[in-house]
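Have a look at the model first.

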Amino acid sequence: MHRLTTVVIVAAVVTAAAALFQAVQSRLSDAAFAFTVHPDVLAQLEASRADQRELARLNPERHDLYRARFDTLATTVQRLTVLAHARERLLSRYNTILLVVFAASVLAVASAIAIRQARLQPRLARVRDALGALAKGQTDLAVGVGGRDVVGRIATMIEETSRVMARDRQRLAALQNLSSWQEAARRQAHEMRTPLTGARLELARLHDLLEATAPGREEAMRQAARGVEQELERLHRLAAEFSSFARLPSPRLERVDVAALLGEFVATYGGAWPGVEVRLGLAGPAWAAVDRDMLRQVLVNLCDNSARAVAGRPGTIELDVGAVNDMVTVKVSDNGPGVDPAVRDRLFEPYATTRGLGEGMGLGLAISKKILLDHGGDLELADSSPRGTTFRITLPAVARETP
Amino acid sequence: MKGVVLIALTLASVCSAARAVPPPKVAIDAEQRLVVGRLAAILDEEAVARQLESGLTTTFVFRVEVAGRVLGGARVDVRYDLWDEVFEVVVVGADGRGERVTLAGRTALATWWSGVEFVVAEQRPRSTPWPRELVLAVEVVPFSVSEQDDAQRWFVRSFGESAARTDRQVTDPAERRGDSLEKVLGVLMATSIQGSALYSARWVVTVAGGR
């Protein structure tokens, strides 16, 4: 409709311009032609012609000259007379030619504009799509619009921008990766150094005790030996944690009512975190194929994180379960202060943690996510605010077990 | 209904023309040919009278028709020689014979014109005699074809004069294209220089000596 209106307006403007052009040039050409065959001009020519004849009569010696001039003037007058007779046709032809040229010019311009528009539209569409892709974060775009006009230059700018974005993103990822590894190395070193230092101190004490003869020496030696054993045990646990992350076993799936499993979990682990109440919220029957132990491990990880988050104040952890379409959803919500925005984007990456050194390796959420991905489900941060955090576990639903 | 209106309009126009100028005489001569005479009134028409001494050839074209079918025609060319101040008249009848007459002045032309008779249609077979009534049409053209051609050529030449005025060598292709364009435009314009009738009339006349 808009295009039709435009066409009508353009056609009206062109028609008006043509009418004006025709009117003006018609008057101008009429006037110009009128000068050419003006009666006064013809009268003067005829008078000159008559003069030549008279001169020839008065001066017979130059008869031929005057006769020739007479004939020339006569011919000119005759030709102008013929033109005067054809005046209307001549003017009509003249106006027609000009009008045709005008119409052809307008048509040529309109065609050029139409062709340009037709060529421009797909190029603009490509630029629009490229901008959309850029807005969505896609990088290394090839707009595929050539030309050195404005559209071409915009396309080139989009391509350059996307290349710069890609470079920056790669650089950022590399830096983040490097930073993660540095953090991981620092944490691992610290985790190992603590028990090693403890063990070394105990061994030094043991060495002193071997050389000493003080009473109670044997008991002190036994204590030192136990200390060494405890530190070695810490190292063992540390190694086990690495091992479990590196070689997570495949889940042994069984048909489980997740709501019932959560009930058992609350009953068993409800009091595991002092000062934190673990309770079961909405819970209808929701059957899924899960590895009980692994799901329990995930829940422990999440509750452990929540308990740490609400540390120092009365806290609650609520477990809700439901089924949406073909997925079973478990929500683990706490009333903690929310996830630190600094780590939110890489929350499920290994070693991503806000805890201080010696308070954990930051592998819990990474292991939990891996477990749920292995189940065909997922673990996501559903909500995080100063009023609390909610993690959402999704698991593929299965038909309920028939008794 | 449309046909009736058309016929009425045609008759009205014929009658008005007839009222303006007395019709010439159309008669059958001894050789059973159609002959036209008594043409004086045509020469007295203002547009015709004004044109006669222009130096151009004024052509009178006569045509006889019956029910839209042309039976024959004739042509009279009148050209005033401006130097000698005489009229040179050529009559070409339907019999193909041309008569050339030189007349010294307007009076002589008028006298000759009022008495001239010429054949407009050749003899017919006895089985198809001349109708009692027919249409005589006349058209007066202000210049001849050769004069028209001459004016056209002159016009085309004048279009190209802007280029011809200078003797310089034209080397610029754009300028050459401009010359060609002028020629094309000149021809386009010149072809519109054509003679249209100065005067025309049609009469329904009774054939003298016919059935």
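**The sheet and its neighbours**

Chain A has an open sheet of five strands, ordered E2-E4-E5-E7-E6, with mixed pairing. Strand E2 (276–283) and strand E6 (378–385) of chain A sit at the edges with a single partner strand each, so one side of each has no neighbour in the sheet. From one strand to the next, the twist averages 20 degrees. This is a predicted model: local features need pLDDT of at least 70, side-chain atom pairs count only at pLDDT 80 or more, and totals for chains, interfaces and linings use all residues. Residues are numbered from 1 along each chain as its sequence is written, while chains are lettered from A and ligands numbered from 1 in the order in which they are written.

**Strand pairing**
- Strands pair here if DSSP finds at least two bridges between them.
- E2(A) and strand E4 (residues 315–324) of chain A run parallel, joined by six bridges.
- Glu277(A) has Thr316(A) in E4(A) as its bridge partner.

**Helices on the sheet**
- Helix H8 (residues 292–309) of chain A packs on the sheet and touches E2, E4, strand E5 (327–334) and strand E7 (388–396) of chain A.
- The direction of H8(A) makes about 25 degrees with that of E5(A); axes are lines fitted to C-alpha atoms, for helices over the stretch in contact, and angles run from 0 to 180 degrees between N-to-C directions.
- Helix H10 (residues 364–374) of chain A lies across E6 and E7 of chain A, at about 130 degrees to E6(A).

**Whole chain**
- Chain A has ten helices and seven strands, taken as DSSP runs numbered from the N terminus (helices H or I, at least four residues; strands E, at least two).
- Among contacts in chain A with a separation of 6 or more, 68% are between residues 24 or more positions apart (contact: C-beta atoms, placed from the backbone, within 7 Å).

Terms used
Contact = placed C-beta atoms within 7 Å.
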